[in-house]
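Subject: The structure for you to look at

Hi,

Here is the structure I promised to pass on. Have a look around in the viewer, then come back to my notes.

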Amino acid sequence: MMKRNIPIALSFALLTGAIAPTAFAQSQDVSAANEEAEQVQEKFLKLTGKFQSFEERTNGSVYSLIEKGEEIFAIVADERTVVVDNLGNPVELKEGMEFTAFVDAEKPMIMIYPPQYSPELIVVQTTEPGFVEVDEFDKEYTGKKLKLNLSEETVIENLSGTKLNAEDVAEANAAVFYTASTRSIPAQTAPSKVIVLSYDVEQGNNKSVDEIIEKDFYEVDGVKMIPLRLVAEQLGWKVESTGKGAVLSKDDTSITITRGTKTFVHNGKDSEFKAAPSLLEPIKTYVPVDFVDYLK
């Protein structure tokens, strides 16, 4: 008699929702937990949008408010932010650019609204065919999404612009620039460029300084201008923005420069540039190339 009543009781429970909602809720909780776990595992946050305007801050950074329907957030870029196009070429930030920003997920966030993100890397989209993917690679250059076939033609560098070797990609997070890939899982590609998402540099490597100068400079009145922070940090200097310029320090030496004026202060004494430091881009200060002599 008891056995005959079990199907009836079970049917009644299902009809009244005594069992199903609980099971469904538990299923939702597990699904949400799995989804949250996957999000936590991501080393870099990926943000997309279009730059509408820029506001220069007193510390030398630029602020841009991004509005995507109901989604609102801000991008704050400074001299350490690497800005390239989808082919990996350096570009200037401009209004109207569509971008993908990659932010270290472990970086502390300011608890304000709208949320502000300071990306390590900003990639702007061009009409040229090219893809960018951020992945974490093992010793075989295999990640969750891509397997890399690196060659001597692959340009490999870090966020400071220092040239690296293929071995530096192993067990690292990197942005990969490529135009084609296989349909395998993970997809295989021969990238044109790889940027290891690290600021670490090999101090005192003058060859790397020469390479930075060679690919990132412009001329004004016959004077070659080079990026201050990239070169100074490569040579072991600490660079702090003042909003109007920068203070460089190393051991017992201090140098203070101000954009727009030729005079700079070296250990309390005035010296003079051949040309005044200036902003070629909204977030990068350039100085005359002979300033390297003060840094060595």
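Below is what turned up, going from the whole chain down to single residues.

This is a predicted model, so local features need a pLDDT of at least 70 and side-chain atom pairs count only at pLDDT 80 or more, while totals for chains, interfaces and linings use all residues. Residues are numbered from 1 along each chain as its sequence is written, and side-chain values use heavy atoms, with hydrogens and water left out.

**Confidence and overall make-up**

A word on pLDDT: it is the predictor's confidence in each residue, from 0 to 100. The protein chain averages 82, and 82% of the residues score at least 70. Take care with residues 1-41, where the pLDDT is below 50 and the stretch has three contacts beyond near neighbours in sequence. (Contact means heavy atoms within 4.5 Å.) Residues 201-206 are also below 50, and that stretch has 14 such contacts.

The chain has five helices and 23 strands. These are DSSP runs numbered from the N terminus: helices are H or I with at least four residues, strands are E with at least two. Of the 296 residues, 40% are buried. Buried means under 20% relative accessible area, exposed means over 50%, and partly exposed is in between (1.4 Å probe, protein chains only). Among contacts with a separation of 6 or more, 59% are between residues 24 or more positions apart.

**Cavities**

How many cavities of 30 Å³ or more does a search of the whole structure find? There are two. A cavity here is a set of points, on a 1 Å grid over the protein atoms alone, where a 1.4 Å probe fits but cannot get out; lining residues have an atom within 4 Å of a point. Grid points are joined across faces, edges and corners, and the volume is the space filled by probe spheres set on the points.

The largest cavity holds about 310 Å³. It is lined by 22 residues, and Val82, Pro90, Asp216, Leu230 and Lys284 lie nearest its centre. Two or more lining residues come from each of β5 (82-85), β11 (155-158), β14 (193-196) and α3 (206-215), with β5 giving the largest share, three residues. By class, the lining has ten nonpolar, four polar and eight charged residues. For those classes, Ala, Val, Leu, Ile, Met, Phe, Trp, Tyr, Cys and Pro count as nonpolar, Asp, Glu, Lys and Arg as charged, and the others, Gly among them, as polar.

The second largest cavity has about 40 Å³ of space. Its lining is Glu79, Arg80, Leu159, Ser160, Tyr199, Arg229, Leu230 and Glu233, which splits into three nonpolar, one polar and four charged.

Arg229 deserves a click. This residue sits in helix α4, and it counts as buried because its relative accessibility is 11%. Leaving aside neighbours within four places in sequence, Arg229 is in contact with Glu79, Arg80, Val239 and Ser241. Its C-alpha atom is 7.5 Å from that of Thr285, 56 residues apart along the chain.

**Nonpolar cores**

A nonpolar core is a set of buried Ala, Val, Leu, Ile, Met, Phe, Trp, Tyr and Cys residues joined through side-chain atoms within 4.5 Å. The largest has 21 residues, and Val231, Leu248, Ile255, Ile257, Phe291 and Leu295 touch the most other members. At least two residues each come from α3, α4 (228-234), β18 (245-250), β19 (253-258) and α5 (292-295); α4 gives the most, four.

**Backbone details**

Which peptide bonds are cis? One joins Tyr113 and Pro114, with omega about -5°, and Pro114 lies in the loop between β6 (98-104) and β7 (116-117). The bond from Ile185 to Pro186 is cis too, with omega near -5°; Pro186 is in the loop between β12 (172-178) and β13 (187-189).

Asp221 is not a glycine, yet has a positive phi of about 55°. It is found in the loop between β15 (218-220) and β16 (223-227), and counts as exposed because its relative accessibility is 79%. Asn267 also has a positive phi, near 50°, and its place is the loop between β20 (263-266) and β21 (269-272).

Happy exploring!

Definitions and conventions. On a 1 Å grid over the protein atoms alone, a cavity is a set of points where a 1.4 Å probe fits but cannot get out, and a pocket is an open set with protein on both sides within 12 Å along at least five of seven lines; lining residues have an atom within 4 Å of a point.
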